[in-house]
Structures are given as structure tokens and as C-alpha cells.
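Here is a briefing for a reader who is new to this structure. Look at the sequence and the model, then read on topic by topic.

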Amino acid sequence: MVNNAGLGGAAELVEMTDAQWDKVIDVTLNGTFRCTRAALRRMRAAGGGVIVNNASVIGWRAQRGQAHYAAAKAGVMALTRCAALEAADHGVRINAVAPSLAMHPYLVKVTTPELLAELTAKEAFGRYAEPWEVANVIVFLAGDYSSYMTGETVSVSSQHA
């Protein structure tokens, strides 16, 4: 199972409303929790499985206007680690990916061209990740080549600034 739902937005902390905070936390963190719980119930009964959660490098790094998103993605990373320990006895592995800048249509809608240019400039290759580049890491984590990994968050990033 891949938990890929997430919601962002931009707001400085002092201007952020409770509704903005709650919506991002609910979709991004609570949604991952609810889907993980549902999948674990089935996978435990089936004797095994794999869950891959979508986190973000923002869960490790700071970015202005992203307190709610950063908190949610850091929470996804912590949830991944804790759930992995509980699931291991049942043959279930749980890991996460943490992309930096991966281009998709929604990001273009909600991000200014100036911010996209600024974020792209931070990438070592001078470009954003293509969705397939993140998907390849998800496939690795879901497959047998990562059979000993659980509770890990793998950075899919060339961002070092």
C-alpha cells in the first residue's frame, strides 16, 4: 500500500488560521494514520505486506510558510518508525520516501513561478525530480530488494541548500 495523500499551502505561522493548520494535518498526517491502520489490519490477518508512506524533506528541513506541512510530514516519518516496530512481528514492513522538489500539476497550481525557480535552484542537478524518479524508490521499498528495511525514511532529493 502506498500512502500518497498530502495537502500543503503557504502561510506564515502568525497568520495561519486554525482551519489551515487542521486541514493540512488532517489530510497529510491523520489520513496517513487512518490508511496505515486499515492496511495493517488486513496485512496482519494475511501474514504480511508492505506500506510505503510519502513524507517530505520538509519534515527535516525548514521552509518559510510551511510550518503545518513540515509538522505533518515530520509526523508521517515518526508514524512510519513507530508503526514499523509494531508491524514487524506480523511480517509487515513500513518505510517512507521523502522527496524534495518533485513536479506535478497540483504543485504548479499552488506555487508561484518565483518560488519554483528558487526551490529548483537549491537542487544539485538544477532541476526538480520527475514523478517516476520518486516512484522508482517507492517500487524499491515495496519490493524484495528492501526486504530487511523497515521504519526507514529514504530521501529522494538532490537538495543540499
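**Briefing**

Thr32 lies in helix H1. Helices (H or I, at least four residues) and strands (E, at least two) are DSSP runs, numbered from the N terminus. This is a predicted model: local features need pLDDT of at least 70, side-chain atom pairs count only at pLDDT 80 or more, and totals for chains, interfaces and linings use all residues. Residues are numbered from 1 along each chain as its sequence is written, and side-chain values use heavy atoms, with hydrogens and water left out.

- Thr32 counts as buried because its relative accessibility is 2%. Buried means under 20% relative accessible area, exposed over 50%, and partly exposed in between (1.4 Å probe, protein chains only).
- The side chain of Thr32 reaches back to the backbone oxygen of Thr28, at 2.8 Å. This is a polar contact: a pair of N or O atoms within 3.5 Å, where, within protein, one must be able to donate a hydrogen and the other to accept it, and residues adjacent in sequence count only if both atoms are side-chain atoms.
- Setting aside neighbours within four places in sequence, Thr32 is in contact with Asn3, Ala5, Val27, Asn53, Val76 and Leu79. Contact means heavy atoms within 4.5 Å.
- One of these partners is Asn3. Thr32 and Asn3 are 29 residues apart in sequence, yet 5.9 Å apart in space, C-alpha to C-alpha.

**The chain as a whole**

- Five helices and four strands make up the elements of the chain. From the N terminus on, they run β-α-β-α-β-α-α-α-β.
- The radius of gyration of the chain is 16 Å, close to the 15 Å that the globule rule gives for 161 residues, so the chain is as compact as a globular protein of that length. The radius is taken over C-alpha atoms, and the rule is 2.2 Å times the number of residues to the power 0.38.
- The C-alpha trace spans about 50 × 35 × 25 Å along its principal axes.
- Of the 161 residues in the chain, 42% are buried.
- Among contacts with a separation of 6 or more, 73% come from residues 24 or more positions apart.

**The sheet and its helices**

- Four strands form an open sheet in the order E1-E2-E3-E4, with parallel pairing. Two strands pair if DSSP finds at least two bridges between them.
- Strand E1 (2-3) and strand E4 (153-156) are the edge strands, and each pairs on one side only.
- Strand E2 (residues 49-54) and strand E3 (residues 92-99) run parallel and are joined by six bridges. Val52 stands opposite Asn95 in E3.
- Helix H1 (residues 18-46) packs on the sheet and touches E1, E2 and E3. The direction of H1 makes about 175° with that of E2. Axes are lines fitted to C-alpha atoms, for helices over the stretch in contact, and angles run from 0 to 180 degrees between N-to-C directions.
- Helix H2 (residues 67-88) lies across E2, E3 and E4, running at about 165° to E3.
- In E3, eight of its eight residues are buried. Val92, Ile94, Ala96 and Ala98 are on one side, and Arg93, Asn95, Val97 and Pro99 are on the other.

**Helix H4**

- The buried residues of helix H4 (residues 113-121) are Leu116, Leu119 and Thr120.
- They cover an arc of only 100° around the axis, which puts them on the same side of H4. The arc is that of the directions from the helix axis to the C-beta atoms.
- On the other side of H4, Glu114 and Ala121 are exposed.

- Glu133 sits in helix H5 (residues 131-142). Its relative accessible area is 19%, so Glu133 is buried.
- A polar atom of the Glu133 side chain lies 2.7 Å from the backbone nitrogen of Glu130.
- Beyond neighbours within four places in sequence, Glu133 is in contact with Arg127, Tyr128 and Val156.
- Ser146 is in the loop between H5 and E4. Ser146 counts as buried because its relative accessibility is 1%.
- The Ser146 side chain reaches the backbone oxygen of Leu141 at 3.0 Å.
- Leaving aside neighbours within four places in sequence, Ser146 is in contact with Arg93, Phe140 and Leu141.
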